[in-house]
Every structure is written in structure tokens, then in C-alpha cells.
Amino acid sequence: MLLAGVVLVLVGCGGPADDLSQLPLLTEDPLGARDLLGMELIYEFEQGYAMRAKPQYTEVIRRFSVGDRDPQAAFDEVVALARDSGWEGGEPDVSDEDHSMYWSGDKTLPDRGCSVRLAFDPSPKISVRLTVSAPPGWGCSEREGPDCP
């Protein structure tokens, strides 16, 4: 009987399952690739949308080892690929704190963000974070965009 109560408490505390309907917008984007420009994938994270205490937006994170490539050239290639894939953003910047380089861009319908970061900790790594910053279906009913699910 005690076991049944523990199971009931654990099930009751869990939130709703993630809505994965937006995940293909990010995983099928060229920047969401697991083999980005031939670099070695060393970390990945994916989550769907869920409404918990606050919205948890759909997100994909990939981290790659730069390997023997020139870190600056690899970073520039990833940013060029982002722009060629329709991400709109400003110029890359350098962090005063740790001398990492970063770039960010966005797309609309639905609203999405992209960030690319080159860090040296201790070896050069490029991280890509893609996020859908709107709930599933938001903004798509009035103005259908090419990427609305």
C-alpha cells in the first residue's frame, strides 16, 4: 500500500509532457545538424515546449569540438551558414570577460532565436543554441509562414 502511495505522489508531481511539435523547426535547420560542417559533436540537448511554472520553450543545443581547424575560421563558417539559412543578425562580438566570440540571429513565424558561441575552455568549442520563443501555433493562424507547423 505504501508503494502505491509513493507512485501516486510521483505521478501527481509530474508536469505535462513536452509538446515536441516545434522541435523539427530546429533539428531540421542547418544549424541544428549533429554533423555541423564536419565538426565533432561533443554535447547535445533537446526539449519541447511545456507550460510549467513559466513557459519552457522548445530548444536545441549542440556543442562541437573545433579540432584541428582554425577556431576563427570555423566560427566564421558557422555564422555564414546561419545567415545563408535565413537567420538575421548583427555582427559577431567578443566578450570582454572570457574573450569568447558570439553571434545571435532570429527568424519569425514562429519567433526563433539562434546563438553561436566560440569558447576556449581549454580547447576551442563552438556552441549553437536554437530556441522557439513562442508557444506551438502562436502567430501562425493569422499569418501562415513557411515554417509554421
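Colleague: How many salt bridges does the count come to?

Modeller: This is a predicted model, in which local features need pLDDT of at least 70 and side-chain atom pairs count only at pLDDT 80 or more, while totals for chains, interfaces and linings use all residues. A salt bridge is a side-chain nitrogen of Lys or Arg within 4 Å of a carboxyl oxygen of Asp or Glu. By this rule, the number of salt bridges is 11.

Colleague: With which residue does the side chain of Arg62 meet in a salt bridge at 3.1 Å, N to O?

Modeller: Residues are numbered from 1 along each chain as its sequence is written, and side-chain values use heavy atoms, with hydrogens and water left out. Arg62 meets its partner at 3.1 Å, N to O. The pair links distant parts of the chain, 18 residues apart, with Arg62 in strand β4 and the partner in strand β1 (residues 40–47); strands are DSSP runs of E with at least two residues, and helices are runs of H or I with at least four, numbered from the N terminus. The partner is Glu44.

Colleague: Is Arg62 buried or exposed?

Modeller: Buried means under 20% relative accessible area, exposed means over 50%, and partly exposed lies in between (1.4 Å probe, protein chains only). Glu44 has a relative accessible area of 35%, so this residue is partly exposed. Arg62 has a relative accessible area of 1%, and therefore Arg62 is buried.

Colleague: Which residues are linked with Arg62 in a network of salt bridges?

Modeller: The bridge between Arg62 and Glu44 brings together the side chains of these two residues. In the network, Arg62 is linked with Arg34, Glu44 and Glu46.

Colleague: How far apart are the closest N and O atoms in the salt bridge of Arg69 with Glu77?

Modeller: Arg69 has 26% relative accessibility and so counts as partly exposed. Glu77 is also partly exposed, with a relative accessible area of 35%. In their salt bridge, the closest N and O atoms are apart by 2.7 Å.

Colleague: With which residue does the side chain of Asp121 meet in a salt bridge?

Modeller: Asp121, at 44% relative accessibility, counts as partly exposed. The N to O distance in its salt bridge is 3.6 Å. The partner, which counts as buried at 17% relative accessibility, is Lys125.

Colleague: Which residue in β8 is the bridge partner of Ser104?

Modeller: Two strands pair if DSSP finds at least two bridges between them. Strands β7 and β8 run antiparallel and are joined by 7 bridges. In β8, the partner of Ser104 is Ser115.

Colleague: Which residue takes a positive phi in the hairpin of β7 and β8?

Modeller: This hairpin has 4 residues between the strands.

Colleague: Over how many bridges do β8 and β9 pair?

Modeller: A hairpin joins β8 to β9 through 3 residues. Leu118 stands opposite Ile126 in β9. The two strands pair in the antiparallel sense, and the number of bridges is 9.
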